[in-house]
Structure formats: structure tokens, C-alpha cells
Amino acid sequence: MFVARSARRIRLARAAFLLGGLLPCAVLATWAVHRQSAAHREAIRGRWEQAVGLPISVAAIEHPLPGAVRARGCAMAAAHGGAVLAAERVDVVSTPTEVRVGIATLECDPPGAAALAALAGEWLERGARFRRDVVVDVAEFSWLVVGRDGRPERRPLGAIRIECVAKEGGRAVRIVRRDADDGADEVRIERAATEGDANGPGRLDLEAMLSEPVPMAILAAVVAEDGPLRRLSLGSAALVSGRLTAARAGGGWSGTATGRIVGVDLAACTAGLPAGASGCMDLDVAGLAWRDGRLESADVVCAAAGGRVDRRLLESLVATVGCRPGPAYGEALADREFGFEAFGCRMCIDGRGIGLSGVNGHGGSLAHVDGRSLLDPPANAVPIERLVWLLAAPDAVYVPSSGAGAWLMSWLPGGGGSVGRTSRAESSASGGF
């Protein structure tokens, strides 16, 4: 049978084929090319950078699943451009209410920890800017710090999860180590908005439980305020574990802490003193309490298995603090530095002063050598001002008029005005008071 052919119908069929077949394919091909282009990568990087508020660099972008973005060669710098957190692969899945981030491996140094802490603080305080919950899973997390030998040291922590969750009347950040027992390693910060100021600085509650030691350099970098952790240097190898509960409501921080600090470098601790010491010391914190940024009480046991001490520091401990010379004290003053076999003391601080006593195994002395006592503890509690004088320059007349003494008196219990220096003769005659 003959089928009539029409040029018009043929053109219509061809146009329908182009519109229904080839054109969608061309659009899909163009879209696929765009998703692999530098412009698309820069658009995503710009959105992330705007959301985080920090400079971000991305080497490549992939889309493994609908709604999911995989970024390779990622790095986030601090606001000043110094600290960089780098990750080889980052997976991001976004929904209208939540953002989930997956990172395979991440190494964090002290500047990077400070940048992350600042970002968490922004999320807690600026609810209008960060409206969605955020969950970050890191499969292999490690601290990167400077070791005792001055070289970079990697300390693996394992898998961690960071949860930033908003709830009615407040917001919270929770960091938990996934490999630990339930609740063994967790940091939780909760913010409750003050009445009438939903986006203003409200009450902050902090609870930390650390069974896996954390480098002291990391904790000092995370602390934003100019407090003891910022001022006191315990050395690059010091590690902290324990429990802390604190709160801030309007004024300064108040709270309690217990724990242990191992690997304290005596040379770093005494770097700000007119005379120093060397060796490695461990601290057992039986109790620590502070209110509104000022220390209320402390009960700490210090122990060092040998080291060296400058003669001038020994003289200051006797003349200023009131320690009593032991049988080996006169021999120690013969040289500029003197080696000791062991040091151990219990230090109790409260509003009445500082109580120093020896610990078991040292015969009641603070330090000994060859079985003889080098220093014995003061007979009575030491006024707070006497400890401050250890930080003063030899020619200082009053403390805490300036420098480290002024800072120390600002957070020690019962800190008052300037105190005049007592001569060595007067100090010896009064038993160190």
C-alpha cells in the first residue's frame, strides 16, 4: 500500500526528535560539564566560605549522590590566615534542617584548635546566622603538637563526632570520642539565652570528661580569655586528663576540676622567674575551684624524679617563701646549679594562704639528694603575696604593680594591693612571713 509522504510531517518529526531527544542530551551534557568546571567549584567554595566565615580552599568537587558533595584537597585557614586545617576528602550532605560533614582524616595543631573553638563559639552565640544543626564525623583524628625534642609529634585520638544542635531556648556543642566507653571522653557546652536577649551572651555551661590525655598546648590555644592557661607554660609535652565542670553567667567563669597533668617541663614553668630549674614533673589535681575568674581553692600534689635547680631559686624559696634549709642546702649553694634526686610536695591554696607539705616517700622534705633533705616545707601557711614575689624582678620594690605579679594576684584568692618587699634578714627572722 502506498503511504503518502508530506514534507511538513517530515520536518515536524525531525523537530520533535531534536527537541525530545538531542536537546535534553545536550542540556545534560552542558550541565555535567558545568558541574566539573572551575566556576562550579568556586561557587560551592564561596557558599561554604560565607557560611563558615573563614577562608576555604578546594581542589576538586564531586557529586557521588543526589544532595551530596564530595570535596577533595580542602583546607580552612584562620581569620588572620595563619592556622590551616587540611583534609584530603570532605563529604557534605545538606538538608533544610541539618548539615552532615564526613572527614576521613584530620590533624589539628594548636592554632587549628583555636580556629575551631572560635567557630564553635560563633555557632553558639549567633543563632540567627547558623540556623541549621551541624554534625561532623572524623574517622581518624589526631593532635599535632611540638614534642619535647622540638619536632612535630602526632598523637592519634581515634574517631570523634562533633554535634552542634539548636533547641528551644538554647544551643549546644558536643564533642565525643567514638572509640571510648560511653561518656568516658566527652566535651559538652550548652548555651541558654538570657531573657529578653535571645542572641546576646547568655549562660554557658561546660562539662568535660577526658580519659585520653589532651596536649596542654591544645587546651591553652582553645581558651580565648587571658587566664592562667594562657599565661602559664607547662611545656610542649604536657598532657592533661580529668574532669571539669564550669559555668559562666554574666561575669567570669566559675567551676571545679580534678585530674592529672603529666610531662610538665620545669624549665618552661620557671622561664618567667629570675632563676629556674630543669626536669620533668607530674601534677595530681585532687581539687580545684574558682568563682568569677578568681581561684578559690586548690589541692595539688607535685612530683619530679630528679632534675637541677638554680642556686638563686633555692635562695628565693628560703628567703621569700619561707622554706627551711635542709642538711644538703649549704652544699647546694656552692655551685650555680645543683642536682636533686627527687622533688615532691602537696600545695593547698585558699583564702588563708598557701600550705606546703612534703609527700610520702620524701621524709617530709620537699626535695632531697643522697638521702638528705635539700628543702623542708615552711612551718606555717605562706601568704599569697610571698608566692607572687617569686615572679618579681630582683630590683622590684612593690608587687603586683606590673608584670606577671599583677596578673597572678588578679586570679589568686584574696589578691589585694601592692606589697612592699621584705628584706632577706627580716624574712629569715620572721620565718618567711
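**Close-up views of a predicted model**

In strand E17, Cys348 is the bridge partner of Asp299. The model is predicted: local features need pLDDT of at least 70, side-chain atom pairs count only at pLDDT 80 or more, and totals for chains, interfaces and linings use all residues. Residues are numbered from 1 along each chain as its sequence is written, and side-chain values use heavy atoms, with hydrogens and water left out.

**View 1. Strand E14 and the strands that pair with it.** Strands (E, at least two residues) and helices (H or I, at least four) are DSSP runs numbered from the N terminus; two strands pair if DSSP finds at least two bridges between them. E14 covers residues 294-310 and pairs with E13, residues 277-291, in the antiparallel sense over 13 bridges. E17 (residues 342-350) is also antiparallel to E14, over 7 bridges. E16, residues 337-340, runs antiparallel to E14 and is joined to it by 4 bridges.

**View 2. The hairpin of E13 and E14.** The two strands form a hairpin with 2 residues between them. Arg291 stands opposite Arg294 in E14. Asp292 has its place in the loop between E13 and E14. Its phi is near 50°, a positive value in a residue other than glycine. At 52% relative accessibility Asp292 counts as exposed, where exposed means over 50% relative accessible area, buried under 20% and partly exposed in between (1.4 Å probe, protein chains only).

**View 3. Asp370 between E19 and E20.** Asp370 lies in the loop between strand E19 (367-369) and strand E20 (372-376). Phi of Asp370 is near 55°, a positive value in a residue that is not glycine. With a relative accessibility of 55%, Asp370 counts as exposed.

**View 4. Helix H2 and its buried face.** H2 has 15 residues, 38-52, and reaches 21 Å from its first C-alpha to its last, close to the 21 Å expected at 1.5 Å a residue; the expected span is 1.5 Å times one less than the number of residues. Its buried residues are His40, Ile44 and Arg45. Seen down the axis of H2, these fall within an arc of 130°, so they line one face of the helix. The arc is that of the directions from the helix axis to the C-beta atoms. Ala39 and Gln50 are exposed on the other side of H2. Gly53 follows the helix and has a positive phi, near 85°.

**View 5. Leu374 and Leu375 in the largest nonpolar core.** A nonpolar core is a set of buried Ala, Val, Leu, Ile, Met, Phe, Trp, Tyr and Cys residues joined through side-chain atoms within 4.5 Å. The largest has 47 residues, of which Leu374 and Leu375 touch the most other members. E14 supplies the largest share of this core, 6 residues. Leaving aside residues up to four places away in sequence, Leu374 touches residues including Leu314, Pro325, Tyr329, Phe338, Phe340 and His368; contact means heavy atoms within 4.5 Å. A second, separate core of 29 residues includes Ile56, Val99, Ala113 and Ile160.

**View 6. The protein as context for the close-ups.** The protein has 11 helices and 22 strands. Of its 433 residues, 37% count as buried. Among contacts between residues at least 6 apart in sequence, 52% join residues at least 24 apart.
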